[in-house]
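Hi everyone, thanks for coming along.

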Amino acid sequence: MSFLLRRLVRIVPTLFGLSLVTFLVLRLAPGDPALLRFADPTAPATPHLAEAIERFREAHLLDRSLVVQYLHYLGPFDLGPEGHRWFGGSGVRPWHGLLALDLGHEYLRPQVSVASEIAARLAVTVPLALLSALLAYAVAVPLGLFQALRRGSAFDVGAGLLTLALYSTPVFWAGLVLQLVFGASGLDWLPTLGLRHRDAASLDALESALDLARHALLPVVCMSYAALAYVSRHMRSAVLECACADYVLAARAKGLAERVVVARHVVRNSLLPILTLAGSILPWLVGGSVAVETVFDIPGMGKYAIDSLHNREYDAVAGCVLISGAMTALGFLVSDVLYAWVDPRIRHDRT
Amino acid sequence: MSGAAVLASVRDLCVVYRRGGRDVRALRGVSVDLTRGRVTALVGESGSGKSTLGLALVGLLPHNARVERGAVSFEGRELRGEELWREVRGSGIAWQPQDALAALDPLMNVLDAVAEGPCFADGLAPMVAQARARTALERAGFACDDPALLRFPHGLSGGQRLRVAFAAAIAREPRVLIADEPTAALDAPLALRTTALLRDLAERGSAVLWITHDLALAAHAAHEIAVIYAGRIVEIGAARQVVATPRHPYTALLLAVARSYEPAPAATMRAESGCAFRGRCPLARVSCATSEPELVELAGGRKVACPFHAEVRVP
């Protein structure tokens, strides 16, 4: 228990570092949210427009120094004109920033809080990522196992080349190819954009589920194939390593059939490192959702990050990065806990 | 030594390893009989082929090894083909591996590991298999309510692990046990306890082949000693006889090393022809280079592969 707490506490400074780096990179990158919002390059500059820009900058503290901006972002005090009284504000909204557990608001839609938007987007992305991880494991574990059991055969070599090719195929390219082949321009089997049909509201429950499944199929395949290749290559080498362990030889010497030896000793032991990969694969999939969701136009977290970046929604981008970072850190923690839970060697070292 | 009491025997076994495109001979015509009620110690240094002989006796030679000549037989039946081996392995001839920690599945507790053979190879019901496992563990020195029985290998002491490996090997009540260096990693009292287990097993009517590099311990605990050098048995006979009056210069060298605790002279390049030991032999002469000496039977049923056995003295 104290082990868990220690690990959780150790995540906090990591996230602070991440927030600082993200903040700096965003501010250093070219582009200005105020100009992006108000400036129209074709229209002549008017005093009215300049004043609006000025007010926008003041409201969002974009005219202050980077230190003040970061402290405002970090919180817990709002340093703006309506902020905490201690910092010269009017006291209408005294609290703001990460330490006040607030990821900020969008510039374009001030009524939308970044946290609630990310939560809504994660509700789309996380199920997709989970499905992709499930699909990847369901295919990769048997594939890697049979490759290793028939080591050096044509099947092993073929599957090895295939997984290598899959692992090195860029996701956006694969997504476009899948759309071309299965979409309206090719076989016309599956929808290629969005997660819902235009008239989804009028469908009954079963049709609606089918519609969702048909829309999700290509994105899930696209999200999972690289993880599939990665896991199956790991599985193959884990099985090969286990297969020459002494306990496998000892199990054969007990007179067990090869099938029993593989099921009871080789598979169980090689699944150990594979299972713990899951903790790092899930955040990897969520991060990879940027490309998949852009190609398939899915309103998930990845799409949100990209759109926010285009619009210089500083708070939204920083929020996406922070949440991904937190998920990655939690993923590693989960994989460590999983390892300790399934491996009696670690269980014993702790007790 | 009546013929009927021989449970397993090896006849003229030659095993070749394929390593880096070259053939390496591990066993060059080894013949041993494993007799009911006897512990036979197979003594030799690293690389002498003793572990290879142990693996050959359960038909589990690695993939790069092949049997060039000779065969293993069990109860008079020559074991050829995986079908026959499957019948005998574990129930007829069992094998206890060298490194007890590496030989126990880290994810399996003691009781499951020992019950595995009876359950999955003999097809016994899980409860019956567990009872068998408890019997085997009791013979290996565990009390039946020992908390260690539910632990995993990493939670056991070195001695416990070894006894678990022993119990797993004898759980199917094999007629023959091959124990590969069970005492290598143990201190003296534990090693003695282990040899007592082997002798106890033999007294119950099994044959035991005990692979070791410790001639002094073998002299103490085994009934018979076979000394192996460079893939050939160079001397074999009753343990006391072999130790009291070694008749092969290599046995004499091993004895001298065991008494003085000085390292043996390093092995030189193995000779291509003639006696393999002649490079280290104090008695070597020109004729040793021409022909490889055969095992010759001396008085008392002892066999020695040295024509100059009468001159052998312990240095």
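**Domains, a sheet and a helix pair**

Let's start with chain B, where the domain assignment gives domain 1 (6-92 + 174-311) and domain 2 (108-171); such bounds come from an automatic or database domain assignment. Before we go on, please keep in mind that this is a predicted model: local features need pLDDT of at least 70, side-chain atom pairs count only at pLDDT 80 or more, and totals for chains, interfaces and linings use all residues. Residues are numbered from 1 along each chain as its sequence is written, while chains are lettered from A and ligands numbered from 1 in the order in which they are written.

How far apart are the C-alpha centres of domain 1 and domain 2 of chain B? They lie 29 Å apart. Across the boundary, 10 residues of domain 1 of chain B are in contact with nine residues of domain 2 of chain B, where contact means that the C-beta atoms, placed from the backbone, lie within 7 Å. On the domain 1 side, helix α6 (residues 188-203) of chain B provides the largest share, four residues. Helices (H or I, at least four residues) and strands (E, at least two) are DSSP runs, numbered from the N terminus.

Now for the sheet. In chain B, eight strands form an open sheet with mixed pairing, in the order β6-β7-β8-β3-β9-β10-β12-β11; strands pair if DSSP finds at least two bridges between them. β6 (93-96) and β11 (296-297) of chain B are at the edges with a single partner strand each, so one side of each has no neighbour in the sheet. Elsewhere in chain B, β3 (residues 39-43) and β9 (residues 224-229) pair in the parallel sense over four bridges, and there Leu42(B) stands opposite Ala226(B).

Next, where do the two chains meet? 24 residues of chain B are in contact with 17 residues of chain A. On the chain B side, α3(B) gives the most, with four residues.

Finally, over to chain A. Helix α1 (residues 2-28) of chain A and helix α12 (residues 314-342) of chain A pack at an angle of about 150 degrees, with axes 9 Å apart. Axes are lines fitted to C-alpha atoms, for helices over the stretch in contact, and angles run from 0 to 180 degrees between N-to-C directions. That makes α1(A) roughly antiparallel to α12(A), the word for angles over 145 degrees. Among the residues making this contact are Leu15(A) of α1(A) and Val321(A) of α12(A).

Terms used
Contact = placed C-beta atoms within 7 Å. Parallel < 35°, antiparallel > 145°, perpendicular 65-115°, else oblique.
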